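Hi everyone, thanks for coming. I'd like to walk you through one protein chain today, so please have a look at the picture as it comes up.

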Amino acid sequence: MSRILITPRSLSAGGHPALSALEEAGFELVMPAPGATPSEAELLAAVPGCVGWLAGVEPVSEAVIAAATELRVISRNGTGVDNLPLETLQRRGIVLRRAEGTNARGVAELALTLALSGLRDIVPTHAGLQQGNWPRRTGFEIQGAQVGVIGLGAIGSSFAEFCLTLGAEVRGFDPFAPQDRLAHPDFRRTDLAETLRGASVVSLHAPMPEDGSPMLGKDELALLAPGAVVVNTARAGLVDDAAMIAALDSGQVGTYATDVFHTEPPQMTALLRHPRVITTSHIGGFTRQSVERSTRCAVDHLLDVLTSHAA
C-alpha cells in the first residue's frame with residue numbers, strides 16, 4: 001500500500017475527516033509526531049516509501065528529501081514554503097502544491113485582533129489588573145489611523161480591507177502583487193519607506209527577502225509614528241530582534257505583537273519577554289474554518305497529482 005506522510009500539527013494530533021478521502025483512495029497515512037512538529041530524525045525515519053506528503057511548517061532538509069526516494073508530491077496546508085528546499089524539489093521533479101488563500105481570513109483576523117490589542121493596550125492592562133493594580137493608559141482608535149501593510153497577498157489584502165472598513169487610511173507595499181489588488185479611496189500603493197513613514201500600525205504579510213535580511217531594522221522602525229504597533233503574523237526573521245528591543249525601550253514602538261518565531265516552540269528571548277510584546281502560539285490559521293479549508297484543499301491536491309500519476 002502506498003503511503004502518505006501527514007505532518008501538520010493540526011492534523012496529526014487526532015486526524016481530520018478530510019483525511020479519510022486519502023485512505024478511501026487506498027493510501028496508508030503516516031504520522032511520525034502526532035500533535036507535534038517532527039524532528040529531522042523522525043522525518044528521515046518516516047519518509048522512505050511515501051509517495052505523497054501533506055506538509056506543515058516543519059523544517060525540511062535536503063537530507064530528508066534525499067531519503068524520500070518515492071516521493072511524487074508535497075502538498076502544503078498553507079501558502080508558505082520557506083521551510084522547503086525548493087531547488088532540490090525542482091531538481092527531483094517533485095510536485096509542490098499550496099493551499100493558497102485558504103487560511104487568509106483566519107490570519108487576517110488575528111492580525112487585526114493583535115493590532116487593536118496594541119492600540120488599546122489590552123495585554124498590559126489585563127496583566128496589571130491580575131496583579132491587583134488599576135492601569136489606565138490612553139489608547140488609540142483605528143479610525144483615521146495611518147496603517148502600513150507589507151505584503152498584499154490574500155492575507156495582507158484581507159487585513160487591509162478590514163482596516164479600511166474600520167475607517168483607517170492604509171498604505172501598502174508589495175513589488176509583486178497586481179496593481180489592481182485593492183481599490184479604495186483611502187488606500188495607496190507606495191514603496192517600503194513611504195508605507196512605514198508616520199504609520200501608527202504596521203502589519204507584516206510578506207515572505208523573507210531572498211538574502212534573508214530583516215525588512216524592519218533600526219532605520220525602518222525610526223520611520224514609524226512614535227508608539228506604533230507592529231504586528232507580525234508572517235515570518236520572525238522579517239524583524240531585527242535587537243532593533244525591535246531598542247525601539248520598544250525608547251517608546252518608538254509601543255507594542256510588538258508576533259504569532260511567528262525563529263523556532264517553535266520558541267526560546268523565550270529578551271525580545272519575547274519584553275513587557276511591550278504580545279505573543280501568540282502560531283495560531284493565525286488555526287481556526288476551525290481555516291483548518292477545514294486548508295485540509296480539504298491540500299487533500300484534493302494530493303489526490304489530483306497521485307491519481308493522475310497512477311492513471
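**A strand covered on both faces**

Let's start with strand β4, residues 73–76, where both faces are covered. Val73 and Ser75 are buried on one side, and Ile74 and Arg76 are buried on the other. Please keep in mind that what you see is a predicted model.

Who is the partner of β4? Strand β3, residues 50–55, runs parallel to β4, and four bridges join the two.

Now let me step back to the whole chain. How many helices and strands does the protein chain have? The secondary structure comes to 12 helices and 12 strands. The C-alpha trace spans about 60 × 45 × 35 Å along its principal axes. For a chain of 311 residues, a compact globule would have a radius of gyration near 19 Å, and this one has 21 Å, which agrees.

A few more overall values. Of the 311 residues, 48% count as buried. The accessible surface comes to about 14800 Å², and carbon and sulfur atoms hold 52% of that. If we take contacts between residues at least 6 apart in sequence, 60% of them join residues at least 24 apart. As for charge, there are 24 positive and 33 negative ones, and their mean positions are 4 Å apart.

Let's go back inside, to some single residues. Ile150 is found in strand β6, residues 146–150. Is Ile150 buried or exposed? Its relative accessibility is 1%, so Ile150 counts as buried. And which residues is Ile150 in contact with, leaving aside neighbours within four places in sequence? The list includes Phe173, Leu192, Thr195, Leu196 and Val202. Also among them are Ser203, Leu204, His205, Ala206, Met215 and Leu216. For a sense of distance, Ile150 and Ala225 are 75 residues apart in sequence, and their C-alpha atoms are 16 Å apart in space.

Thr88 is another one to click on. This residue lies in helix α5, residues 86–92. Thr88 has a relative accessible area of 6%, and because the cut-off for buried is under 20%, it counts as buried. Setting aside neighbours within four places in sequence, Thr88 is in contact with Glu62 and Ile65.

On to the loops. Asp121 sits in the loop between α6, residues 104–119, and α7, residues 122–130. Its phi is near 60°, a positive value in a residue other than glycine. Where does that leave Asp121, buried or exposed? At 5% relative accessibility, Asp121 counts as buried.

Next comes the loop between β11, residues 253–258, and β12, residues 277–279, where His262 has its place. With a relative accessible area of 55%, His262 is exposed. His262 still touches Ala236, Gly237 and Asp241, not counting residues up to four places away in sequence. From His262 to Gly35 we go 227 residues in sequence, and 19 Å in space from C-alpha to C-alpha.

Stay in that loop for a moment, as Pro265 also lies between β11 and β12. The peptide bond from Glu264 to Pro265 is cis, with omega near -10°. That one is worth a look on your own screen.

Last stop: the loop between β12 and α12, residues 288–310, which holds His282. His282 is not a glycine, yet it has a positive phi of about 50°. At 27% relative accessibility, His282 counts as partly exposed.

Thr287 lies in the loop between β12 and α12 too. Its relative accessibility is 26%, so Thr287 counts as partly exposed.

Definitions and conventions. Residues numbered from 1 in each chain as written. Predicted model: local features only at pLDDT ≥ 70, side-chain atom pairs only at ≥ 80, totals over all residues. Heavy atoms only, no water. Rg over C-alpha atoms; globule rule 2.2 N^0.38 Å. Buried < 20%, exposed > 50% of the residue type's maximum accessible area, 1.4 Å probe, protein only. Contact = heavy atoms within 4.5 Å. Areas by Shrake-Rupley, 256 points an atom, 1.4 Å probe, with all protein chains shown as cover. Lys, Arg positive; Asp, Glu negative; His and termini not counted. Charge placed at Lys NZ, Arg CZ, Asp CG, Glu CD. Pairing = 2+ DSSP bridges.
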